Each structure stands twice: as C-alpha cells, then as structure tokens.
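Welcome to a set of worked exercises on reading a protein model. Keep the picture beside you and try each task before you read its solution.

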Amino acid sequence: MVRMEITYASPSSRDLLRSSPTASGSTKPVRPVKIIPLQHPDTTSYGSPGGFGNSPSSSRSNSLFSGVRGKIKRMTFIDWIEMFLPCCRWIRMYRWREYFQVDLMAGTTVGIMLVPQAMSYAKLAGLDPIYGLYSGFVPIFIYAIFGSSRQLAIGPVALVSLLVSNVLSKIADSSDALYTELAIVLALMVGILECIMGLLRLGWLIRFISHSVISGFTTASAFVIALSQAKYFLGYEIDRSSEIVPIIKSIISGADQFSWPPFVMGSMILAIIQTMKFLGKSRKHLKFLRAMGPLTAVVFGTTFVKIYHPPSITLVGDIPQGIPGFSIPKSFQYAKSLIPTALLITGVAILESVGIAKALAAKNGYELDSNQELFGLGVANIFGSFFSAYPTTGSFSRSAVNHESGAKTGLSGIITGIIMCCALLFLTPLFEYIPQCALAAIVISAVISLVDYEEAIFLWRVDKKDFLLWTITTTTTLFLGIEIGVLIGVGVSLAFVIHESANPHIAVLGRLPGTTVYRNIEQYPEAYTYNGIVIVRTDAPIYFANISYIKDRLREYEVVIDKSVKRGPDVERIYYVILEMAPVTYIDSSAVQALKDLHQEYKSRDVQIAISNPNREVLLTLSKSGVVELIGKEWYFVRVHDAVQVCLQHVQSITESPKSSDPSHEGKPSFFQRFLKQRAEDSLVSELESGNNTNKPSDSTREDPQLEPLLSRRS
C-alpha cells in the first residue's frame with residue numbers, strides 16, 4: 001500500500017462541506033482533513049493468482065506449502081541425512097582434541113549416576129532392578145543416533161516409573177510375568193505415540209496444558225513417590241496406591257511392625273546423598289560430588305551389609321547377568337487400558353524432556369527441533385521395548401549433571417551406554433547385596449527436587465489464577481489419584497482458556513496529549529477522549545463465543561460515560577463508535593452477522609460505526625459478507641486518528657446552528673476580509689482538533705501552546 005495523504009472525499013464529507021454555516025450565515029467550507037487511504041479488497045478477483053481477494057484460509061495454506069516447497073528445494077543431500085540422522089550434525093564437525101575428554105568425563109559421570117538410579121526407579125515401577133538397567137542400555141544408544149539434543153540424558157525417571165506402577169498394579173500383580181510384559185508393551189505404545197506426534201508435528205497440542213498443571217502434578221507425585229518408598233525405611237509392607245490417604249493409613253496401621261535398622265541405614269544414606277548434592281551444587285570445585293552421591297550410597301550400603309549381615313535389612317537379591325536379548329512385546333490384549341497412561345507419559349516427555357532439551361540447546365548455542373526431538377525419544381522407546389525396556393524419557397537431574405560436566409555432543413550418551421553395558425556384563429553379581437533402603441534413599445533424594453514450592457510462591461505473587469490452578473492440581477492428584485488429578489487440572493486449565501477467550505479484554509481508547517497516538521484510558525489516565533465519539537479496541541479474535549460479550553460492552557460504553565478528560569464539541573450523547581481492529585486476527589460468520597445486527601441497532605439510534613485498521617483477512621471477510629458496503633467504505637480507515645478527524649467534523653456540524661446573515665456583508669469580500677476569515681477558520685479547526693472548542697467564539701489573536709492539531713497543516 002502506498003502511504004500518502006489524500007483529502008477525505010466521502011459523500012457525507014461533501015455534505016458536511018456544503019452545509020457547515022459560518023458566523024455570517026453563509027455556508028462555510030470546513031478545511032478538508034487529510035487521511036491515509038485504506039485499500040479495500042476486490043472481491044471480484046477472489047481466487048485469482050496473487051489477488052488481494054484470495055480467501056484467508058487458502059492464502060495461509062498457499063504460504064505454508066510454498067514455504068515447505070522452498071525449504072525442500074534448498075535442502076542438500078547432507079541436509080536430508082542430518083534430518084533423519086541428527087547425530088551426523090555433531091559427527092561431521094566433531095573436534096576430537098577439544099570434545100573427547102569432556103564427553104568422556106561427562107558420560108562416565110552420568111553412567112555412574114545412572115546405574116543405581118536405574119535399579120531404584122525399576123523398583124518404584126514395581127519391576128525387578130534388572131529392567132531398570134535394560135531401560136538405561138539400548139534406548140541410550142538409539143537416542144544418540146536419532147535424538148537431536150547433545151546433552152539430554154535419557155533413561156528411567158521417577159515420574160514415569162510412578163505412572164507405570166499406577167496403571168499396571170490395577171491389571172496384574174507385580175510378581176507376575178504379565179506385569180513385566182505390560183510394562184514393555186507400554187514402552188512400545190509410548191514410542192509409537194511419540195513418533196506419530198513427532199512426524200505429524202503435533203507437539204503443539206500439549207501447549208494447552210498449563211505449566212501450573214505440570215508443576216502441581218509433579219509436586220503431588222513427588223509426595224506419593226516418597227511415601228511409596230517408605231516401606232523400605234520402615235521395614236514392613238504398605239499398600240501400593242497413587243492416592244496419599246490409603247498410603248498414610250497403611251503406614252499408620254502397620255506401625256507396630258516398625259524396624260529400626262533399615263530406618264537408620266536409609267536415613268544415613270539419604271543424608272549422605274543430600275549432603276553431597278548440596279556441596280556439588282554450592283561449590284564449583286566439588287561439583288563431581290553431585291553425581292557421585294547415588295554410587296556412594298550403594299557402595300556404603302553394600303559394604304555395611306557385607307561386613308555386618310544385618311538380618312532385618314532386605315537386599316536386592318539375584319540379578320541376571322548379561323545384556324538383554326531381542327524379543328517382540330506380547331500381551332497386546334491389554335493395550336486399550338494402557339492408552340491413557342501412554343498418552344500421559346507422552347505428554348510428560350513433551351513438556352519435560354523436550355523442554356529440558358531446548359533449554360540445554362540454547363545454553364550450548366545450537367538449534368533444536370521439538371518434533372525431531374520427540375521422534376528421537378519415540379524411536380528410542382520402540383527399540384528399547386524389543387530389548388525388555390520399560391518407558392524412558394529425559395531425566396532432569398542427569399541432564400543437568402551431563403551439562404555441568406561439560407558434555408559437548410551425543411558421544412557422552414554413548415559412553416554412558418557403554419558403562420551400562422559393562423555393568424550388565426560384569427557387575428550384576430555385586431548388586432545382589434545392595435540394601436533396598438539404599439535404593440529407596442536414591443529415589444527419595446531424586447524426587448525432593450520435584451517439590452516445586454518456589455513455583456507456588458512465584459504464582460501467588462504474580463498470578464492468583466495460576467496459583468489456584470496449581471493448588472487444584474496438586475490437591476486432586478494427592479487425594480484422588482494421578483489420572484483424575486491430571487484430568488481435573490487440564491480441565492480447569494482449559495476452562496480458564498475458554499473463559500479468557502469468551503471474555504476478551506476490551507479497552508476504551510483516548511488520545512495521548514501532544515501526539516496522534518491512542519491508548520487505553522485506564523492505563524494512561526492523561527489520555528483524553530472526544531465528546532460524541534467512543535473509540536473501542538478488542539484485544540482478541542472476534543468469533544461466536546465472545547461476540548455477545550463484545551456487543552454488551554459496546555452498548556455499555558455507549559451509555560456509561562467514562563471518567564477521562566473530554567474535549568471537542570459539547571454534545572450530550574454518542575454519535576460515533578470507532579472500532580479499532582488492529583489486534584483482531586480473525587472474525588467468523590457469527591461475528592459478521594452480529595456486526596450487521598449492531599449496525600442496524602446503531603442506525604435506529606442515529607449512531608454511526610467506523611472501523612479502523614482491520615487486517616487483510618478480516619477486511620476480506622467483512623467485504624465478502626457485505627458488511628463493508630452495509631457500513632459504507634468511507635467509514636473504514638487505516639488509523640484511529642483518521643477516523644477521529646472525520647467523526648469530529650461530523651460532530652461539529654451537528655452542534656453548529658445557522659445564524660442570521662447580515663445584508664451589509666453580502667457581495668464580494670475585500671482582501672482584508674478574506675484574510676481575517678481564513679485566520680478565523682484556521683483557528684476554529686485547530687481548536688476543534690485539539691479538543692478545546694466548546695462552541696465558544698475563537699480568538700484569532702490568542703496563541704495557545706497546548707494546541708494539538710490532528711495533522712500538521714501544510715503551508
């Protein structure tokens with residue numbers, strides 16, 4: 001659009017020029033205002049190539065497909081390989097002298113941390129410890145090939161382990177072979193879902209789950225996980241449940257079976273892990289202690305048991321030696337009941353793992369595709385299910401240790417996998433004497449960081465609505481279970497979204513002194529409005545869910561007088577409603593029909609609608625629906641300021657009344673008379689535009705430094 005100023009020449013403007021009376025009773029031509037022309041769409045060229053009249057949906061689709069086609073054309077053979085095998089990106093530019101040493105150190109550190117954690121999380125999932133080691137073996141190698149993050153450490157995690165235990169315990173007993181088979185089937189289902197969502201680029205669907213919901217869910221889950229591990233500290237069995245009340249009841253009812261030795265040992269190991277974690281975080285030269293905590297706990301507990309052989313402390317027991325064999329998952333008849341949990345685990349993978357991966361990528365200076373990352377996690381789970389792994393995802397704690405240890409590429413993950421392989425081949429006989437309370441201490445230490453009380457404090461300070469959402473999710477997850485808690489949290493979150501969408505923010509605009517800028521009068525109290533004109537801005541798309549609310553607010557603004565400073569002609573009611581539509585990205589058929597009804601309603605009360613700055617798609621919709629012709633093309637403007645200029649002239653013409661003419665002044669005026677008349681007209685227009693005119697005679701000799709003409713007059 002060519003930006004230029006033209007004289008406003010609508011039919012109503014011409015009428016105004018003819019009918020505005022002067023002080024002498026003759027018709028006075030009002031100085032024409034100059035505005036930027038609005039380019040209207042040509043609906044006759046709808047569908048023409050490159051025409052303005054293309055439909056919004058088709059133009060979006062065309063731009064999307066043209067962008068994809070252009071990207072495909074620009075891709076080289078190497079780009080295609082890197083898209084399917086992201087590992088080629090870092091392999092191609094690997095600097096052995098700079099990267100290998102730090103990758104070796106980081107991979108070894110994470111591997112030492114993962115071995116005891118994997119066994120602990122497998123116990124949390126209700127599986128034998130060996131399946132935790134299996135889950136930390138094959139998926140790591142597969143992810144190093146197909147995953148796009150170079151620092152993300154995947155494997156068993158506490159939250160996913162709890163979800164696995166929660167769903168499988170309702171179908172089979174943890175001692176049955178069916179329980180293990182279902183855990184492996186669940187890994188395959190999660191992998192397939194993640195691959196589908198990654199290939200179809202559907203990761204955006206999870207954006208509807210608020211971060212407050214995830215924070216509340218993980219906080220509640222941390223309490224449930226910690227209490228579920230209490231049996232290894234207390235020395236007696238407690239009920240397995242995802243609700244906190246049955247667990248607490250079970251703990252209280254079995255208090256007479258309490259045993260001191262596992263409690264003392266577990267508490268000491270937990271204190272050691274927490275101390276080492278604290279020192280590793282607070283002292284840079286001791287950061288290696290953070291990763292060494294779980295291994296230290298296992299070594300300490302195993303050494304104590306080997307020396308003293310306490311009978312009241314339960315041990316891990318025999319663990320099979322060797323790497324897992326290839327096998328196809330079975331028991332698909334239960335797949336239907338596993339779908340909700342598979343979806344939930346996939347959601348956790350998107351929100352947590354992909355979020356961690358993107359944060360680490362930003363810190364290390366490379367780009368990461370969320371959908372590619374999701375696909376990599378899916379392939380890792382699919383291959384893992386063929387080697388007896390249960391669902392895996394990215395670990396926050398191990399990824400942080402990997403990053404802090406200086407990992408540069410995915411080679412660190414391969415080294416971690418090699419360490420897991422060595423543990424399976426050579427170290428499993430030593431794991432037989434690991435105390436159960438040591439593994440429980442590792443789990444409890446890991447989930448303590450999931451209690452996100454800092455997020456609750458932040459939400460209370462920043463947004464009470466999000467704090468309420470966090471509280472609802474946490475409470476329902478604790479007392480009603482994981483699935484119900486998440487469903488309620490997501491439901492309330494969507495309800496908030498729908499409420500915000502159906503009740504959008506609407507502002508009355510006023511003019512900032514000394515400018516031609518119009519802003520919300522509540523945000524800028526110094527902004528002033530004009531008598532007879534109300535300027536309204538809707539900060540949302542207009543569609544069937546919110547159009548009734550918008551119409552009610554418009555009627556309210558017509559009746560209720562705002563408290564801002566008023567300027568301009570002195571009139572008692574609203575004659576013009578200017579709709580600022582710059583923030584309106586979309587308008588549907590229901591809103592179009594409502595605008596037609598509103599126009600007729602205003603017309604019956606002698607109120608005119610003016611529309612400012614609609615975008616291309618909105619203007620095309622209004623044009624095709626006939627709203628542009630109904631309201632009149634002359635009432636569509638590029639800027640709010642242009643609309644105000646025209647409306648002000650119309651309001652001024654309404655307030656002026658013809659005065660009796662003086663016959664002595666008839667005839668051709670002299671040059672001096674024409675000069676004085678022009679000065680009077682210029683002064684009148686300036687006062688009108690600045691809002692200082694209230695039907696009072698203008699004093700052409702007075703100069704007011706506060707005058708703010710709408711547009712600078714040209715000499």
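A nonpolar core is a set of buried Ala, Val, Leu, Ile, Met, Phe, Trp, Tyr and Cys residues joined through side-chain atoms within 4.5 Å. Buried means under 20% relative accessible area, exposed means over 50%, and partly exposed lies in between (1.4 Å probe, protein chains only).

This is a predicted model, where local features need pLDDT of at least 70, side-chain atom pairs count only at pLDDT 80 or more, and totals for chains, interfaces and linings use all residues. Residues are numbered from 1 along each chain as its sequence is written, and side-chain values use heavy atoms, with hydrogens and water left out.

**Exercise 1. Explore the nonpolar cores.**

Task: Which residues touch the most other members of the largest nonpolar core?

Step 1. The largest nonpolar core has 104 residues, and L133 and V164 touch the most other members.

Step 2. Helix 15 (residues 335-364) gives this core its largest share, 11 residues. Helices (H or I, at least four residues) and strands (E, at least two) are DSSP runs, numbered from the N terminus.

Step 3. Now look around V164. Beyond its neighbours within four places in sequence, V164 is in contact (heavy atoms within 4.5 Å) with A125, Y179, A183, L186, I345, Y390 and P391.

Step 4. Another core lies apart from this one; it has 59 residues, including Y518, V628, V638 and A643.

Step 5. A general idea to keep in mind: in soluble globular proteins, nonpolar side chains tend to be buried together.

**Exercise 2. Describe the whole chain.**

Task: How many helices and strands does the protein chain have, and what share of its residues is buried?

Step 1. The protein chain has 28 helices and 12 strands.

Step 2. Of its 715 residues, 51% are buried.

Step 3. Take the contacts in the protein chain between residues at least 6 apart in sequence: 79% of them join residues at least 24 apart.

**Exercise 3. Judge the confidence.**

Task: Which element has the lowest mean pLDDT, and which has the highest?

Step 1. pLDDT is the predictor's confidence in each residue, from 0 to 100. The protein chain averages 82, and 82% of the residues score at least 70.

Step 2. Among the elements, strand 1 (residues 6-7) has the lowest mean pLDDT, 38, while helix 6 (residues 129-135) has the highest, 95.

Step 3. Residues 46-53 have a pLDDT below 50, and this stretch has 15 contacts in the model beyond near neighbours in sequence.

Step 4. Residues 691-715 also stay under 50. For them the model has 54 contacts beyond four places in sequence.

**Exercise 4. Study a helix pair.**

Task: At what angle do the axes of helix 7 and helix 16 cross?

Step 1. Two packed helices are described by the angle between their axes and the distance between the axes. Axes are lines fitted to C-alpha atoms, for helices over the stretch in contact, and angles run from 0 to 180 degrees between N-to-C directions.

Step 2. The axes of helix 7 (residues 138-146) and helix 16 (residues 370-385) cross at roughly 150 degrees and come within 8 Å.

Step 3. Residues of helix 7 that make the contact include V138, I142 and F146, and those of helix 16 include F375, L377 and F383.
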